Amino acid sequence: MMNREVRSAPVSLALTELEIKILDHFFPPKDKRLRKILSEYINKIARLGGYLARSSDPPPGNQVIWRGLKKLGEINVGVHIGLDFVGN
């Protein structure tokens with residue numbers, strides 16, 4: 001809902017730094033802008049949930065966002081476990 005109200009909201013309002021790094025790893029940014037906006041990361045979360053992001057596709061819906069958030073949470077847990085065991 002925040003993305004619909006404020007199109008240029010910073011991504012740090014909704015995601016942690018680790019989640020941003022995870023999404024950037026899976027879907028590298030096209031340009032290295034200094035300011036990361038939430039709408040780009042909503043699209044990345046939707047792509048984790050199965051959204052294809054073709055030019056003719058409508059905006060992602062609630063179900064695909066939910067699946068993407070679930071998968072992002074699972075990856076986040078895996079990264080935390082890996083950091084604890086490996087220590088990098």
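The legends below describe close-up views of a predicted protein model.

Figure 1. The protein contains four helices and zero strands. Its C-alpha trace spans about 45 × 30 × 25 Å along the principal axes. Among contacts with a separation of 6 or more, 51% join residues 24 or more positions apart.

**Figure 2. The surface of the protein amounts to about 6,500 Å² of accessible area.** Carbon and sulfur atoms account for 58% of that surface. Of the 88 residues in the protein, 30% are buried. Charged side chains number 14 positive and 9 negative. The centres of these two sets are 5 Å apart.

**Figure 3. The largest nonpolar core is built from twelve residues.** Its members are Ala9, Val11, Leu15, Ile20, Ile22, Leu23, Phe27, Leu38, Tyr41, Ile45, Leu48 and Leu72. Two helices, α2 (17–26) and α3 (38–48), each supply at least two residues of this core. Which helix gives the most to this core? That helix is α3, with four residues. In soluble globular proteins, nonpolar side chains tend to be buried together.

**Figure 4. Helix α2 has five residues to look for in this view: Glu19, Ile20, Ile22, Leu23 and Asp24, its buried residues.** Glu19 and Asp24 are buried, and both belong to the negative side chains by residue type. Ile20, Ile22 and Leu23 are also members of the largest nonpolar core. What covers the buried residues of α2? The cover includes α3 and α4 (62–86).

**Figure 5. Ile22 touches Leu72, Ile75, Asn76 and Val79.** This list leaves out residues up to four places away from Ile22 in sequence.

**Figure 6. Pro29 lies in the loop between α2 and α3.** Is Pro29 buried, partly exposed or exposed? Its relative accessible area is 27%, so Pro29 counts as partly exposed; a buried residue would be under 20%, and an exposed one over 50%. Apart from neighbours within four places in sequence, Pro29 is in contact with Asp24 and Lys44. Asp24 is one of the buried residues of α2. Pro29 and Glu40 are eleven residues apart along the chain, and their C-alpha atoms are separated by 8.9 Å.

Key:
Residues numbered from 1 in each chain as written. Predicted model: local features only at pLDDT ≥ 70, side-chain atom pairs only at ≥ 80, totals over all residues. Heavy atoms only, no water. Buried < 20%, exposed > 50% of the residue type's maximum accessible area, 1.4 Å probe, protein only. Contact = heavy atoms within 4.5 Å. Areas by Shrake-Rupley, 256 points an atom, 1.4 Å probe, with all protein chains shown as cover. Charge placed at Lys NZ, Arg CZ, Asp CG, Glu CD. Core = buried A, V, L, I, M, F, W, Y, C linked by side-chain atoms within 4.5 Å.
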